[in-house]
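User: I would like to go through this structure term by term. For each label, please set the value against its definition.

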Amino acid sequence: MLDPLKKLGFMAYGRFRALRGEPVRFRGAFASYDEALANVRAGRLAGYDHDSVAPVSQAFMQERAPWDYPVLYWLQRLAPDIRCLVDAGGHVGVKYRAFAPYLDLDRLQWVVYDLPALVRAGRAQQRPQDRTLSFVERPEEAPSADVLLASGLLPYLREPFEELVGRLASRPRHILLNKVVTRDGPTVVTLENFGLAEVPYQMRNVYEVPAALQTLGYEILDEWTIDQLAHRIQTHPELGRCTYRGYVARLKG
Ligand SMILES: C[S@@+](CC[C@H](N)C(=O)[O-])C[C@H]1O[C@@H](n2cnc3c(N)ncnc32)[C@H](O)[C@@H]1O
């Protein structure tokens, strides 16, 4: 908790940066996804679903970062029981490629569910060795899966997470979430600067995702935080640092 004087100082500095129009990574603090979307600046594309946005950060996401290793550990551990995995927000198959050296991908069906522009890019980039990779634009089109992976999706997902899971053919036995951005106070939506686009980015109240998992009938088996990724919204630093989290959950019963 910031003392009031420090908070005032943070606020003044953040708004000063906003007024000067500094090219910050995170700008604004809004109450909802739609409010953030309505505040995208003129001349910028709004949101992720554009062909020209697909290449942003692709090379980086296709590598294994330190925070991918808990996911890789759990995928290896669950591997004997996985026939089909749905990778929601899987982009062009970045994690399929990043994890390929460490998973026997020929044994499982890896289905990326993403927005239409990303699915188009993913299909166009498919290589002969991506034998078990496929793409769908709607969760309903994915086959029944043993695992739902959502790595880096939650900051960008407009619909409630419960709704996404409800649209799948059946409840997967395990859910693996990574890079869920959380904060102690109420959920805040900011705008992430992608250069050519601004994309609504949600910092969720810390209890939101565990509550959603419980409502869906899952118990959390493991969780972690990713301290290297913590940051503030540059125009609203008084809102505090966010915490990136990961969860592994199993369907009860
Ligand atoms: C930061 S990327 C994550 C890529 C990769 N999974 C990773 O961990 O590096 C976020 C992805 O979420 C996707 N996304 C955003 N909203 C979505 C939605 N409603 N349904 C499916 N995917 C969505 C974006 O298109 C993008 O590919």
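This is a predicted model: local features need pLDDT of at least 70, side-chain atom pairs count only at pLDDT 80 or more; totals for chains, interfaces and linings use all residues.

Analyst: Residues are numbered from 1 along each chain as its sequence is written.

User: What makes the protein chain as compact as a globular protein of that length?

Analyst: The chain has eight helices and 11 strands; these are DSSP runs numbered from the N terminus, helices being H or I of at least four residues and strands E of at least two. Its radius of gyration is 19 Å, close to the 18 Å that the globule rule gives for 253 residues, so the chain is as compact as a globular protein of that length. The radius is taken over C-alpha atoms, and the rule is 2.2 Å times the number of residues to the power 0.38. Along the principal axes, the C-alpha atoms fill a box of roughly 55 × 40 × 30 Å.

User: Why is H91 called buried?

Analyst: A residue is buried if 20 or more other C-beta atoms lie within 10 Å of its own, exposed if 12 or fewer, and partly exposed in between, with C-beta atoms placed from the backbone. H91 has 25 other C-beta atoms within 10 Å, so it is buried. H91 sits in the loop between β3 (84-88) and α5 (94-99), and its phi is near 60°, a positive value in a residue other than glycine. Of the 253 residues in the protein chain, 34% are buried.

User: Why is K179 called buried?

Analyst: K179 has 20 other C-beta atoms within 10 Å, so it counts as buried. K179 lies in strand β7 and has a positive phi of about 55° although it is not a glycine.

User: Why is A98 partly exposed?

Analyst: A98 has 19 C-beta neighbours inside 10 Å and therefore counts as partly exposed. A98 belongs to helix α5.

User: Which residues is A98 in contact with, leaving aside neighbours within four places in sequence?

Analyst: They are Q62, E63, R64 and D68, a contact being two C-beta atoms, placed from the backbone, within 7 Å. The C-alpha atoms of A98 and A65, 33 residues apart along the chain, are separated by 9.1 Å.

User: What makes L2 partly exposed, and what does it touch?

Analyst: L2 has 14 C-beta neighbours inside 10 Å, which is why it counts as partly exposed. L2 lies in the segment before α1 (4-20). Not counting residues up to four places away in sequence, L2 touches K7, F10 and E238. L2 and E238 are 236 residues apart along the chain, with their C-alpha atoms separated by 7.8 Å.

User: How do you know that the buried residues of α8 are on the same side?

Analyst: V209, A212 and L213 are buried in helix α8 (residues 208-215). They cover an arc of only 100° around the axis, so they are on the same side of α8; the arc is that of the directions from the helix axis to the C-beta atoms. On the other side, A211 and T215 are exposed. The cover over the buried residues includes α7 (161-166), β7, β9 (197-205), β10 (218-225) and β11 (243-251). Just after α8, G217 takes a positive phi of about 95°.

User: Why do the buried residues of α6 line one face of the helix?

Analyst: L118, V119 and G122 are buried in α6. Seen down the axis of α6, its buried residues fall within an arc of 100°, so they line one face. They pack against β4 (109-113) and β5.

User: What makes up the largest nonpolar core?

Analyst: A nonpolar core is a set of buried Ala, Val, Leu, Ile, Met, Phe, Trp, Tyr and Cys residues joined through C-beta atoms within 7 Å. The largest one has 53 residues, and V86, A88, V111, L148, L154, L177 and V209 have the most contacts inside it. Strand β7 (residues 174-183) gives the most to this core, with five residues. Beyond four places in sequence, the contacts of L154 include F161, L177, V180, V181 and V209.

User: Which residues come nearest to the ligand?

Analyst: Of the 18 residues around the ligand, M61, G89, H91, S151 and G152 come nearest, where near means that the C-beta atom, placed from the backbone, lies within 6 Å. The shell divides into 10 nonpolar, five polar and three charged residues. Ala, Val, Leu, Ile, Met, Phe, Trp, Tyr, Cys and Pro count as nonpolar, Asp, Glu, Lys and Arg as charged, and the others, Gly among them, as polar.
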